[in-house]
Amino acid sequence: QVVAAAAGGRHVFCEKPLAPDLAGVDAAVAAVDRAGVVLHVGFNRRFDPSFSGLAATMASGRLGRLLQLRITSRDPEPPPPSYPRGPGGLFSDMAIHDFDVARFVSGEEVVAVSAAGASLVDPLAGAAGDIDVATIILHLASGAIGLIECCRQSTYGYDQRVEVHGSDATAWSTNPLPSTNVMADGAGAVTVPLHRFFPERYEQAYPAELAAFLAACRGGEPSGPAPATGTDARAALVLA
């Protein structure tokens, strides 16, 4: 679809992953380059105010030298039975967002990756040869270490957090809540639950990334976070 759109002179916005394999990614990028059209890939978390803020703080130098990066990504529940499952699915569908966030926030390339995974909460995933729990270690070009925790089940809601630990300071983003209401009594304080899933959690990010795509189609320069390109899509798929 990307190749066909580019051949027709159309600018392209494509959800992740750009293709199921590297050959497909390379073909799509080559077609876009030949046609001279815009290609943005839907890694929407770049446009989340919390994550883009962390990336800007890291780029400012205020944190000093990067030492550790930690990303937590947990879905509220496994996908429905109709959702396709297969070997490596968690990495190429779910963790691929986190691979992009790691590169985006750190401003670095990943030079090595290792992972441990298991099927603990979704019997359908296990039967299809996939996993639903994973811990991923990233070795960044500077020598810093990244850690990604993914899980297909979280009883308390959609859990999305990032922490950047530097030599001079540490910065992190917590989960935004639907409201700031707190009820307190003698037993303690209770806040509202986390957002249910990604449409609510990233409600600000989706229109922001589409606005950036529209600006690029009109020839404007990005005024906010850098959108994901074909190069970014390829890097994330390599890690997956």
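Me: Which residues is Leu 18 in contact with, leaving aside its neighbours within four places in sequence?
Reply: Leu 18 meets Val 2, Val 25, Ala 28, Val 29, Leu 39, Val 41, Gly 230 and Ala 233, once neighbours within four places in sequence are set aside. These are called contacts because heavy atoms come within 4.5 Å. This is a predicted model, in which local features need pLDDT of at least 70 and side-chain atom pairs count only at pLDDT 80 or more, while totals for chains, interfaces and linings use all residues. Residues are numbered from 1 along each chain as its sequence is written, and side-chain values use heavy atoms, leaving out hydrogens and water.

Me: What makes Leu 18 stand out in the largest nonpolar core?
Reply: Leu 18 and Phe 99 have the most contacts inside that core, which has 54 residues. Helix 4 gives the most to it, with ten residues. In soluble globular proteins, nonpolar side chains tend to be buried together.

Me: Why is Ala 95 called buried?
Reply: Buried means under 20% relative accessible area, exposed over 50%, and partly exposed in between (1.4 Å probe, protein chains only). Ala 95 has a relative accessible area of 0%, so it is buried. Its place is in helix 4; helices here are DSSP runs (H or I, at least four residues), strands are E runs of at least two, and both are numbered from the N terminus. Beyond four places in sequence, Ala 95 touches Leu 90, Ile 136 and Cys 150.

Me: And how do you know that Arg 45 counts as buried?
Reply: Its relative accessibility is 7%, so Arg 45 counts as buried. Arg 45 sits in the loop between strand 2 (39-41) and helix 3. Its side chain makes a polar contact with the side chain of Gln 160 at 2.9 Å. That term takes a pair of N or O atoms within 3.5 Å; within protein, one must be able to donate a hydrogen and the other to accept it, and residues adjacent in sequence count only if both atoms are side-chain atoms.

Me: What about Ser 142: buried, exposed or partly exposed?
Reply: At 48% relative accessibility, Ser 142 counts as partly exposed. You can find Ser 142 in the loop between strand 5 (133-140) and strand 6 (145-151). Its side chain joins that of Glu 108 in a polar contact of 2.8 Å. Ser 142 also touches Leu 66.

Me: Why is Asp 75 called buried?
Reply: Asp 75 has 8% relative accessibility, and therefore counts as buried. Asp 75 lies in the loop between strand 3 (66-74) and helix 4. Among the residues in contact with Asp 75 are Met 94, Arg 152 and Phe 197.

Me: Which residues of helix 3 and helix 4 meet?
Reply: Phe 51, Ser 52, Leu 54, Ala 55 and Met 58 in helix 3 meet Val 101, Phe 104, Val 105 and Ser 106 in helix 4. They divide into seven nonpolar, two polar and no charged. Helix 3 covers residues 49-60 and helix 4 covers residues 89-106.

Technical notes: Axes are lines fitted to C-alpha atoms, for helices over the stretch in contact, and angles run from 0 to 180 degrees between N-to-C directions. Ala, Val, Leu, Ile, Met, Phe, Trp, Tyr, Cys and Pro count as nonpolar, Asp, Glu, Lys and Arg as charged, and the others, Gly among them, as polar. A nonpolar core is a set of buried Ala, Val, Leu, Ile, Met, Phe, Trp, Tyr and Cys residues joined through side-chain atoms within 4.5 Å.
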